[in-house]
Structures are given as structure tokens and as C-alpha cells.
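Me: Hello! I am new to this structure and would like a friendly walk through it. Could you show it to me?

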Amino acid sequence: MGGSPMSSGQPRVFVTRRIPDAGLALLRDAASVDLFDSGMPPDRDELLARVAGVDGLLCLLTDRVDDELLDAAGPSLRVVSNLAVGYDNIDLAACARRGIPVGNTPGVLTEATADLAFALLLAVARRLPESERFVREDRWVTWDPLLLLGREVSGQTLGIIGFGRIGREVARRARGFGMRVLYHSRSRAPEPVETELGATMVDLDTLLGTCDVVSVHVNLTPETRHLIDARALATMRPGSILINTSRGPVVDQAALADALRSGHLFGAGLDVTDPEPMRADDPLLALPNCLVLPHVASATDTTRARMAEKAARNVLAGLRGEPLPDAVPLPAV
Ligand code: GLV
């Protein structure tokens, strides 16, 4: 496809992957959609070629949006819409320099993501993967008072790092499980939120040194890369659990493997890894106390449809020159 607008006069939008129909239908009502109709991302050359001359881009967290890509798209590009709440794949300064708004999909995936963080917490604390393997391997011979003992959840202290929408929903679930909640965040939550969720703000080291479970809910930025490093892991309580549903690079995986191997941590549950995908021969997967999922926190039919709709609405607003319903704040340039 060339770089000039289509004869229909409709704006052109490139969608970098097969996405739920709900989003595609909205886009197709108002734009000429070029869909990369695949379950795999376009390779870099294909991506650069397909964005040439488009008016809108609906991309995924697997697509790197940087100066090179924006140059390849050219001056027609009026909006970049990420089908994700996270946007570390997008060079925001590069978009800001070109006056291109960036959209994301907050809100609609909050519950699903908090549910999955809690599912990981329960699965690691109660050793579900090991227990399930035990049955499948036909090793279950009797009820045994000492079999597969895990960690009590009720009455334990949960530490939430990053107290935005998702972190707060995790706190709400924790309350239902009779947990005490501490949090660490850049800014303090309003008092009514703290009261409703029974959450107390503490500094990072206090959180790490106090909590039985630590769950991470921060954006990936230069400041949060390897926030959970060897030092942070050593600060965590012996026998505690780490849960990460944010972005893989927030955790130093080599240091985590050491902390799990030595028994300093009871276990870890990761929905995100560095890199993604994690290969099956990764040292973490050799450890029975590490549960790894393939980045599926928002993977419910309802949530993914809502994300696709949101991403589409951001594209459509950008094409009309209107403020995006969910705009990522861009840095000043
Ligand atoms: C998924 O990781 C997202 O950021 O929405």
C-alpha cells in the first residue's frame, strides 16, 4: 500500500494485530482499516512499511513506537493508540515532539488484572501448581497432615507497590481475605480511599521488610526498572512471596532466582517476564516455587473486548482532532 490517502477519502488506520471485533467494528465505521491479520506481531520491516502514510495507528505492547517508526509513518500520523494500559513500548517524547497524542486503555482491565494478581497470590501461597502436578503424576496416596503445606493467607500482611487503580483493587480483594494492607506509592491516596481499603502508606523498605506478600503495580519507567533488585529482595521478609503483574523488567530475574533458590523467598508469581516470551529453559522455570504465566492478566473475553473498544475510540478521537478519551500525559518538549 502506498503512502497517499485512499480515494475513499476515509482516514487510514493500521492495526498491528488481530484484535477483538468490538474494536475493529468501531474503526471500520469511520476509517479504512489495514489489519495485520495475524496472531503474531509484524516484524520490524513489515511494521515500518505498513505505517507509511497512515493517519492512525492502533498498536500493541509488542510494537516499539519510536522516532524510526514515527518517521516511517510520516506527517499524516495523527494518533497512536496502545491496546494496553501500560505504554513503555512507546517513546512518549518522540510522539510529543511531533504533536501526536497517545492513548491507552485504563479502567476496563482493572478488575481482571487485580483478580489475576490475587489468583497468583493464592496459587503461590497454597502451592497450587505443585499440588496439581502431584495428582497428575499419580503421587497422591493418602491424606497426609504434612503434605504440601503452604502459607496461610488470612491474617497476613500484603504490601502493594504502586497504588493506582489496579493496586487499589488488589487491596480491596485482600481485605476480603482478612489481610492487612500496606502500600508504597509516589503519592498518598486520599484519606477516604485509605480508610475504605484499610490501607496504610509506608516507605519502600518498611513495606519490603514487613509484608508477607509483596505485589507490584507500577508502570515501567527508568526509575522502576529493577526496582525489585537483589537489595530489595534481601530486604523482603524471609519466607515471603513476590507477585508481579506489572512489567517484567521491574524485577531483576537473576536476583529473584537466587532468592527463590536459597529459600529466602517462599515463592513468586509472575505474569510478566523479562524478556517476553520467557523460554522454557529459563532458570526460574526450574524452580518449583516460581509460577509464571504468559502475560494474561487482562485476558478475559469481556475485558479484551472493552480494551479494543477503548483503543478504537482513542483512534477515532485522534482522527477527528479531538482530545483522546484516555490520553497518556506527554512530556513537555
Ligand atoms: C497489559 O499488560 C497492559 O498494560 O494492558
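Reply: Gladly, and one term comes at the start: a polar contact is a pair of N or O atoms within 3.5 Å; within protein, one must be able to donate a hydrogen and the other to accept it, and residues adjacent in sequence count only if both atoms are side-chain atoms. This is a predicted model, where local features need pLDDT of at least 70 and side-chain atom pairs count only at pLDDT 80 or more, while totals for chains, interfaces and linings use all residues. Residues are numbered from 1 along each chain as its sequence is written, and side-chain values use heavy atoms, with hydrogens and water left out.

Me: Which residue has a polar side-chain atom 2.7 Å from an oxygen atom of the ligand?

Reply: Backbone atoms take part around the ligand too: a polar one of Val85 is 2.8 Å from a ligand oxygen, and a polar one of Gly86 is also 2.8 Å from a ligand oxygen. The side-chain atom at 2.7 Å from an oxygen of the ligand belongs to Arg247.

Me: How much of the ligand's area does the protein bury?

Reply: Accessible areas come from the Shrake-Rupley method with a 1.4 Å probe; for residues, only the protein chains shown count as cover. Taken alone, the ligand exposes 190 Å², and the share buried by the protein is 88%.

Me: What area is buried between domain 1 and domain 2?

Reply: Buried area is the accessible area (1.4 Å probe) that two parts lose on being put together, summed over both. Carbon and sulfur atoms give 45% of the area buried between domain 1 and domain 2, which is about 630 Å².

Me: Which three residues supply 53% of the area that domain 1 buries against domain 2?

Reply: These three supply more than any other three residues of domain 1. They are Leu61, Asp88 and Gly107.

Me: Which side chain does Asp88 meet in a salt bridge?

Reply: A salt bridge is a side-chain nitrogen of Lys or Arg within 4 Å of a carboxyl oxygen of Asp or Glu. Across the interface of domain 1 and domain 2, the rule finds one. At 2.8 Å, N to O, the partner of Asp88 is Arg247.
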